[in-house]
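User: I'd like to learn how to read a structure like this one, feature by feature. Could you walk me through it?

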Amino acid sequence: MDKQQRTKRLAALTHMTLQIIKWNGRHSAACAMFDLAEICYPSMPRTDRDFAVRFISNLSNGFECGTQYAQIGSDICGFVMVRRGASDGLVNIVGGVHPTRHNQGIGTALLKQTLSYLQTLPEINAIQTKTFLSSIESCRFLKKHGFHAVDHIHWSRRSVAIPFD
């Protein structure tokens, strides 16, 4: 597909309606969410797509209604998954939106739908998520939606060829 065809396709997609769809266990949707996760999280290792359905099912166990994806036309352009947190009343969410679809309300729509779902569960009182500080857009998005940093992790790298002092 050349640049002109991509531009026409993107223009056509822009005029289509955004749908937030509850994941129903379909392998094709699970694979599309994995494809998107690898784009959104470049450090994520490539995962066998035959494992996708089992992974998402296990991850979201007990919160299956919280696994959703955003679709425009036939393209899956965002996703969110809810999983049990480290303590009672806490859930973790993970998600992403395709970089070409940022700033179009997709992440906000997914987050609102997730929040609506979680508000039906009286035992849940907090949402936790993680992002890299280097992902300025993600940090800004989370702050805009009321999340605040509770901790930081320092990732560092060094050569193994250099001896320790």
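Predicted model: local features only at pLDDT ≥ 70, side-chain atom pairs only at ≥ 80, totals over all residues.

User: Now the inside. Which residues of the largest nonpolar core touch the most other members?

Analyst: General idea to begin with: in soluble globular proteins, nonpolar side chains tend to be buried together. Here, the largest nonpolar core has 18 residues, and Phe-63, Ile-106 and Leu-118 are the ones touching the most other members. Strands S2 (68–72), S3 (75–84) and S4 (90–97) and helix H4 (106–118) each supply at least two residues of this core. H4 gives the most, with 5 residues.

User: Which residues does Phe-63 touch, leaving out those up to four places away in sequence?

Analyst: Phe-63 touches Val-82, Arg-83, Arg-84, Val-91, Tyr-117, Leu-121 and Ile-124. There's also a second, separate core of 12 residues, which includes Trp-23, Ala-30, Phe-34 and Ala-37. Hold on to Phe-34, as we'll come back to that residue.

User: On to charges. How many salt bridges does the count come to?

Analyst: The count comes to 2. Asp-35 forms a salt bridge with Arg-49, with the closest N and O atoms 2.8 Å apart. This pair links distant parts of the chain: Asp-35 is in helix H2 (residues 27–40), while Arg-49 is in the loop between H2 and helix H3 (52–59), 14 residues apart. The side chains of Arg-49 and Glu-38 also meet in a salt bridge, at 2.9 Å from N to O. Glu-38 is in helix H2 and Arg-49 in the loop between H2 and H3, so this pair ties together parts 11 residues apart in sequence. Because the salt bridges share partners, Asp-35, Glu-38 and Arg-49 join into one network.

User: Is Arg-49 buried or exposed?

Analyst: Arg-49 counts as buried because its relative accessibility is 12%, and the cut-off for buried is under 20%. Glu-38 is buried as well. Asp-35 has 37% relative accessibility, so Asp-35 counts as partly exposed.

User: What describes a pair of aromatic rings?

Analyst: Two things: the distance of the centres and the angle of the planes. In this model the count comes to 2 aromatic pairs. Phe-34 and Phe-55 are edge-to-face, with 5.5 Å from centre to centre and 85 degrees between the planes. Phe-34 belongs to helix H2 and Phe-55 to helix H3, so the pair ties together parts 21 residues apart in sequence. Phe-51 and Phe-55 have ring centres 5.8 Å apart and planes at 50 degrees, so that pair is tilted. Together, ring pairs link Phe-34, Phe-51 and Phe-55 into a cluster.

User: What are the relative accessible areas of Phe-34 and Phe-55?

Analyst: Phe-34 has 5% and is buried, while Phe-55 has 33% and is partly exposed. Phe-51, at 29%, counts as partly exposed. For a charge over a ring, look at Arg-158: this residue lies over the face of Phe-164, at 4.3 Å from the ring centre.

User: One last exercise, on two serines. Where do Ser-60 and Ser-134 lie?

Analyst: Ser-60 is in the loop between H3 and S2. Its relative accessibility is 0%, so Ser-60 counts as buried, and Ser-60 touches Thr-67 and Val-82, not counting residues up to four places away in sequence. Ser-134 is in the loop between strand S5 (126–128) and helix H5 (136–144). With a relative accessible area of 66%, Ser-134 is exposed.

Note on methods. Residues numbered from 1 in each chain as written. Heavy atoms only, no water. Core = buried A, V, L, I, M, F, W, Y, C linked by side-chain atoms within 4.5 Å. Buried < 20%, exposed > 50% of the residue type's maximum accessible area, 1.4 Å probe, protein only. Helix = DSSP H or I, 4+ residues; strand = E, 2+ residues; numbered from the N terminus. Contact = heavy atoms within 4.5 Å. Salt bridge = Lys/Arg side-chain N within 4 Å of Asp/Glu carboxyl O. Phe/Tyr/Trp six-rings, centres within 6.5 Å; stacked < 30°, edge-to-face > 60°. Lys NZ or Arg CZ within 6 Å of the ring centre and 35° of its normal.
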